[in-house]
Amino acid sequence: MRLPISFAAVFLTMSAFAAEPFDDKFRQLEELLPTPNIYRTASGAPGHAYWQQRADYAIRATLDEAKRQISGSAQITYHNHSPDTLGYLWLQLDQNIYKPDSDARRVMTAPSRQAWAKAKSDEDGMKFEGLRNILAGRASEGGFQIKAVRDGAGQPLRHVINQTMMRIDLPAPLKPGQRLSFSVDWQYQINEQKVLGGRAGYEYFEDDKNALFEVAQWFPRMAAYYDAAGWQHKQFLGSGEFTLEFGDYDIRLTVPADHIVASTGELQNPDEVLSAAQRERLARARTAAAPVLIVTQKEAEAAEKSRSGAQKTWHFKASNVRDFAWASSRKFIWDAQGYDKGGSKLMAMSFYPKEGNPLWERYSTQAILHTIEQYNKYSIDYPYPTAISVNGPVGGMEYPMISFNGPRPTKDKKTGELTYSKRAKYGLIGVIIHEVGHNYFPMVINSDERQWSWMDEGLNTFVQYLAEQAWEEHYPASRGEPRTIVDYMRSRDQVPIMTNSESLLQFGNNAYAKPAAALNILRETILGRELFDFAFREYAQRWKFKRPTPADFFRTIEDASGTDLDWFWRGWFYTTDAVDISVDGISEYGVSSKNPETEKAWKKAQRDAEPESVTARRNKGMPRRLEQHPELKDFYNEHDDFTVTNKDRNQYHAALDGLEPWEKSLLAQGKHLYLVDFSNLGGLVMPLLLEIELKSGKKYLEKVPAEVWRYSPKKITKLIVTDEPMVGLVQDPYWETADIDVNNNAWPRKVTPSRLELFKTDRSKGDLMKEFKTPLRPKGAPARDGAAE
């Protein structure tokens, strides 16, 4: 239908002035979260029909130190606890990331042409190690070699390998409630970790010609199958970690006879692999007040000098764990101390080469014990019999009961003196707290790491921050404080926290730092410690030995705290909005007393406070007729508009006679009223935390809940009432909310101090003649520090 021209014009005009859609920051998350069901309830708890699969392993494996190779055979029993019939099973083959044609290799990109070819500094330039990794990866012979897959009767099972995943086709469907046993034989080349990187590998020590092995992702592992995702068989590209099923492990590891093995689980045959002295020390360590050396540095150094041609088999068992890792070397010093408090009874143990001392013998086991003590307070009791920290090539990685941690002292190449930096000391303590803390998240509270990195890294980093604060005052924590996330929140290359692990930008900030800062704000500023700690512990208790999703976390915190936090989850986890609340302006209002003596005096004071005009200033001292002829003065030269008249007084008394007693009292209070305008420039709504300074010098904090933005998420005006004149106001005075621009947080505005660095002009650059005549340094001679000869 064709509209009349006049009507069409009116329609277009109305459309042009249509109101913007209302951006409701407080709309409920139900539109984004999965619908509650019999498996996962609306309260965030497991439902009455919750289920999860199980996989038990019996593995026999051999470490060939000379060939840097592992060969093994696994008997796997898979329990189908789901209501579904399964026609095939999926296993993870994570070592296949080291195949030269792996997807992880093929999707590698350069950071940018500028960073690749024209780096501005060694910080953003290509490193020797980076190029070595690329070239070595192209020639790598890594990855699983699957030798056989057989059913319980020894008959071959059809299987298909797709990069880092393997599908086993079952001859008969596995029905609900059934279990299936099958075996896999395999072999793979262990990667040199400092060359190819990764979460496991070996390190070679040139000085004593020994190796240290940290072994993980070393056997074909059952992929997770669960109600919210089905099979979790996203390819392993390097960032998204591991999603696994709980089970019991019976592991026999055959290694060189002079090696010491650290492992998930409990050692079953100490009489066969440990000396009498080692067994006695281990028994003493269980009740010791300080770490006891099981293998001393002197004994480890003696072992480094020999090579045994024999082998020993270490037998370990672990119950109800989702993975298994181990480490092996003749270089290991080993210390241990028992812990028996509350619901946790365990041995805290550290394994490290002499290169880790004196740092490791002082801090490693102590950091383990501290972690258990603090994490038990905020989540669940540590449920396993051991907690281990191993020093090797891996900078920081976690597995059930065992973690690989990297920081060491440095050795001066000239003097041989060992020293360690502040960064190394606190880096070691922090990484041990973090990696041992991963036993809680996700080794027991078993979230899907392949999908959501923040559910283990972010939650764990948050509790790590709490544990670090309990280590010592002014602990130099790098993550957790809201102020430490400000630069990231200002940056452009961001994706929401709720992004798949393999698609994250700025991985450390996104998955670790931002969630940790958000939870710290939730605890300290929004809920308060009591409500938050109860709700967080409730989440851990509900989901221990189960697999929570983000919705389960969000819903549990709201359920247990009794607080609607959908606005918080939406802003912090589903957007890249930042906190930037600006104090735009303040207007002062006094309540009129109606008393003409008071009100006209106030008006006169306001008039007198106005700036004098330039004409009046320049006319001062000018001869005036009235001064020369005082007889011209009359009533109006003695009175002005602010003179109180009898009529004013009569009207005032008449007005008072018509007021109720409470109304008279209200007029007499003399309150000061201020309308304060705030803008939400960053998009992320947060509470207003207002530090109000009064004329007397008194300061106090007034907290306004985030719901103040619910009707107008961009601009609001807040009424503030004080007993005396307000002379200053600061929004977020203690930097609690990660506000990205504190320069607009104060009234009156504050000057921001900084420094201008002056540099001397270098006029020698480009002097080719001078550079040509520079004396040639003899080969091997050290360069002068800072010299650009």
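In the predicted model, helix α15 passes helix α16 in a right-handed crossing. The axes of α15 (residues 550–561) and α16 (residues 566–574) cross at roughly 145 degrees and come within 11 Å. On the α15 side, the contact is made by F553, F554, I557 and E558; α16 contributes D566, W569, F573 and Y574. Of the residues in the contact of α15 with α16, six are nonpolar and two are charged, with no polar residue.

The axes of α10 (residues 422–437) and α11 (residues 454–469) come within 9 Å and cross at roughly 130 degrees. Because angles over 145 degrees count as roughly antiparallel and those from 65 to 115 degrees as roughly perpendicular, α10 is classed as oblique to α11. In α10, the residues G430, I433, H434 and G437 meet a set in α11 made up of E457, N460, T461, Q464, A467 and E468. The contact of α10 with α11 divides into six polar, two nonpolar and two charged residues.

Among the strands, β9 (residues 210–215) is mostly covered, with six of its six residues buried. The side chains of N210, L212 and E214 point one way from β9, while A211, F213 and V215 point the other way. Both sets are buried. Strand β8 (residues 201–205) runs antiparallel to β9 and is joined to β9 by five bridges; within this pairing, L212 of β9 is the bridge partner of E203. The two strands β8 and β9 form a hairpin with four residues between them. In the turn, K209 has a positive phi of about 60 degrees. Strand β9 also pairs with β18 (residues 326–329), in the antiparallel sense and over three bridges. Here E214 stands opposite A327 of β18.

An open sheet is formed by three strands in the order β26-β27-β30, with antiparallel pairing. Strands β26 (581–590) and β30 (715–722) stand at the edges with a single partner strand each, so one side of each is left without a neighbour in the sheet. From one strand to the next, the twist averages 20 degrees. Strand β27 (residues 672–680) and β30 run antiparallel and are joined by eight bridges. In this pairing, Y674 stands opposite I720 of β30.

Note on methods. Residues are numbered from 1 along each chain as its sequence is written. This is a predicted model: local features need pLDDT of at least 70, side-chain atom pairs count only at pLDDT 80 or more; totals for chains, interfaces and linings use all residues. Side-chain values use heavy atoms; hydrogens and water are left out. Axes are lines fitted to C-alpha atoms, for helices over the stretch in contact, and angles run from 0 to 180 degrees between N-to-C directions. A crossing is left-handed if the near helix is turned anticlockwise from the far one by less than a right angle, and right-handed if clockwise. Contact means heavy atoms within 4.5 Å. Ala, Val, Leu, Ile, Met, Phe, Trp, Tyr, Cys and Pro count as nonpolar, Asp, Glu, Lys and Arg as charged, and the others, Gly among them, as polar. Two strands pair if DSSP finds at least two bridges between them. Angles under 35 degrees count as roughly parallel, over 145 as roughly antiparallel, 65 to 115 as roughly perpendicular and the rest as oblique. Buried means under 20% relative accessible area, exposed over 50%, partly exposed in between (1.4 Å probe, protein chains only).
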